[in-house]
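Here are some notes for anyone opening this one for the first time. Have the model on screen and follow along point by point.

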Amino acid sequence: MSETTVQDQRTVSGVAIRLEGVTKRYPGQQKPAVDAVDLEIAAGETVMFVGPSGCGKTTLLKMLNRLIEPSGGKIFLGDEDVTGQDPDRLRRRIGYVIQAGGLFPHMTVGTNIGIVPGMLGWDKKKIAERTDELLDLVGLDPEVYRDRYPKELSGGQQQRVGVARALAADPPVLLMDEPFGAVDPITRQRLQDELLRIQEELGKTIVFVTHDFDEAVKLGDKIVVFDVGARVVQYDTPEAILAEPAEDYVADFVGAGATLKQLTLTRVADTELHTPITAQVGEDSAAVVARATEAGEQYVVVTDGRGRPVSWPSVAELSRTTSVPGTRDDRLPVVGLRSTLNDALDTMLAASQGGVVVTGRRDSVAGVLVVEQVMAAIQATRGETRG
Ligand SMILES: Nc1ncnc2c1ncn2[C@@H]1O[C@H](COP(=O)(O)OP(=O)(O)OP(=O)(O)O)[C@@H](O)[C@H]1O
């Protein structure tokens, strides 16, 4: 299926956001932190806010759910002017995700997720069902996680719960303020992939503040580049901004590594994956070795009963066993189809391996990608830049 078809068929449950002359003056400051900003965000789009520290991104974001009161201007959700709406009511329609999930430490995961539905007066059974559904959606087993406390979760898991909580009452708009800033690069990449998957399914309107331009390129349908006073310097697709930065300032911001940033534009799904020889745990090793040798393959991807990768041994290693071992390799480099080539390269480097196993639907093996292919992609973009 082509990219456009996917876009066309995307579900949209979000609403458009429109800002007219939105301004914030903090007391005692000469210049407004946000100076008469006009901006339109289409329903179901993910829009990334980037710009230098102190340019007003967070102030602008927090005016959308009125954690900060605007000093002037108007904010619309769809056709509705929400500038004067009661902030509590407004926040039930706008999910909010912050760094480290912002979970309440004294409440279980389930209770954290059920807060807004509880405020909306849902009955217990409906809240419990919704909680389990959301834990599933963000990739956490409800049985295992619903009764844990936040401190019993990893940073990445807390962040997933934060996303689940923001989605609990099915709000049309999601605000994300550097949600993945506090986790390690590999976890961050997984969380980004999850968000892309969830967004494909739900089609919320997402406004996302980040300091990481690669993250903006990967996640954004559009990127807004701000300068001081939240002046909009450029508002366009990642492709357009990388290809033609509007001002020298944006070019500087995009950075000298623009060629490498092209790697962030290419998804693993867009490359031709190699189809590996696979073997199921418990299969007869000799048969697998024969199969791999005939195909001229030196490695075999071992999968569990549901086609999910377990390990990636060499034919030589397998030939020393009688049946294919089920030992899970915790350091196995795995990326999803939505990951970028940049993510794939990072994962290879982190695992000191020359390739990654790529997973698709329900985490089953979709292929493998080797470092040579990533290098070829870099060389191809270099060629294009020069020519
Ligand atoms: N509560 C406040 N009182 C006074 N000034 C503030 C307040 N909050 C923010 N500012 C100022 O407003 C400007 C915009 O701040 P804001 O936090 O929105 O920027 P930002 O782009 O999100 O920055 P960063 O990327 O560093 O988070 C800054 O000059 C900041 O010092």
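1. Let's start with a residue in a turn. R362 is exposed, because 8 other C-beta atoms lie within 10 Å. For reference, a residue counts as buried with 20 or more other C-beta atoms within 10 Å of its own, exposed with 12 or fewer, and partly exposed in between, the C-beta atoms being placed from the backbone. You'll find R362 in the loop between β15 (355–359) and β16 (365–370). Its phi is positive, about 50°, although R362 is not a glycine.

2. A word on ground rules. This is a predicted model, where local features need pLDDT of at least 70, side-chain atom pairs count only at pLDDT 80 or more, and totals for chains, interfaces and linings use all residues. Residues are numbered from 1 along each chain as its sequence is written. Helices (H or I, at least four residues) and strands (E, at least two) are DSSP runs, numbered from the N terminus.

3. How far can you trust it? The average pLDDT (the predictor's confidence in each residue, from 0 to 100) is 88 for the protein, and 94% of the residues score at least 70. A contact here means two C-beta atoms, placed from the backbone, within 7 Å. Where pLDDT is low, the predicted coordinates should not be read in detail. For the complex, the predictor gives an ipTM of 0.94 and a pTM of 0.79.

4. Now the overall picture. The protein has 17 helices and 16 strands. Its C-alpha atoms fill a box of roughly 75 × 60 × 35 Å along the principal axes. Buried residues make up 39% of the 387. Of the contacts between residues at least 6 apart in sequence, 65% join residues at least 24 apart.

5. Back to the turn from point 1, and the sheet around it. β15 and β16 form a hairpin with 5 residues between them, R362 being in the turn. They pair in the antiparallel sense over 5 bridges (two strands pair if DSSP finds at least two bridges between them). T359 has V365 of β16 as its bridge partner, while V357 stands opposite V368.

6. Which strands make up the open sheet, and in what order? There are 3, in the order β14-β15-β16, with mixed pairing. β14 (334–336) and β16 stand at the edges with a single partner strand each, so one side of each has no neighbour in the sheet. From one strand to the next the twist averages 35°. Helix α16 (residues 341–351) lies across β14, β15 and β16, running at about 125° to β15; axes are lines fitted to C-alpha atoms, for helices over the stretch in contact, and angles run from 0 to 180 degrees between N-to-C directions.

7. Have a look at helix α8 (residues 155–167) too. Its end C-alpha atoms are 19 Å apart, which agrees with the 18 Å its 13 residues should span at 1.5 Å a residue; the expected span is 1.5 Å times one less than the number of residues. α8 is mostly covered, with 11 of its 13 residues buried, including V161, V163 and L167. Those buried residues pack against several elements, among them α6 (124–137), β7 (173–177) and α9 (185–202).

8. On to α9 itself. Its 18 residues reach 25 Å from first C-alpha to last, close to the 26 Å expected. Buried residues in α9 include L191, L195 and I198. G203, which follows α9, has a positive phi near 65°.

9. Last, two loop residues. A230 sits between β9 (222–227) and β10 (231–236). A230 counts as buried because it has 28 C-beta neighbours inside 10 Å, and its phi is positive, about 55°, although A230 is not a glycine. D212, in the loop between β8 (205–209) and α10 (213–219), is partly exposed, with 17 other C-beta atoms within 10 Å.
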